[in-house]
Amino acid sequence: MSTADIRVEKGHAEPEEVAAITAVLLARAAARPAETVPVHHGRPRAGWRRLERENGFRAPHSWR
């Protein structure tokens with residue numbers, strides 16, 4: 001390996017420590033489920049409204 005895939009930013013890590021961290025990262029990556037179904041938690045419609053499509057006057061005490 002000519003270039004390092006993992007770099008220590010501060011301090012000095014021994015090769016055994018780098019190997020241990022690599023093993024943990026690979027184990028976590030392998031533990032992910034094979035198929036992830038995207039879940040849409042968004043709103044069914046826009047949270048804003050176009051003022052030119054509003055029906056006239058809204059009361060000042062109205063929050064909607």
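Where is the place of alanine 19? I looked this up and found alanine 19 in helix 1. The model is predicted: local features need pLDDT of at least 70, side-chain atom pairs count only at pLDDT 80 or more, and totals for chains, interfaces and linings use all residues. Residues are numbered from 1 along each chain as its sequence is written, and side-chain values use heavy atoms, with hydrogens and water left out.

I next looked up the secondary structure, which comes to one helix and zero strands. Helices (H or I, at least four residues) and strands (E, at least two) are DSSP runs, numbered from the N terminus. Helix 1 covers residues 15-30 and includes leucine 25.

Alanine 19 counts as partly exposed because its relative accessibility is 45%; buried means under 20% relative accessible area, exposed over 50%, and partly exposed in between (1.4 Å probe, protein chains only). Of the 64 residues in the chain, buried residues make up 0%.

Lastly, I noted a separation of 9.8 Å between the C-alpha atoms of alanine 19 and isoleucine 6, which lie 13 residues apart along the chain.
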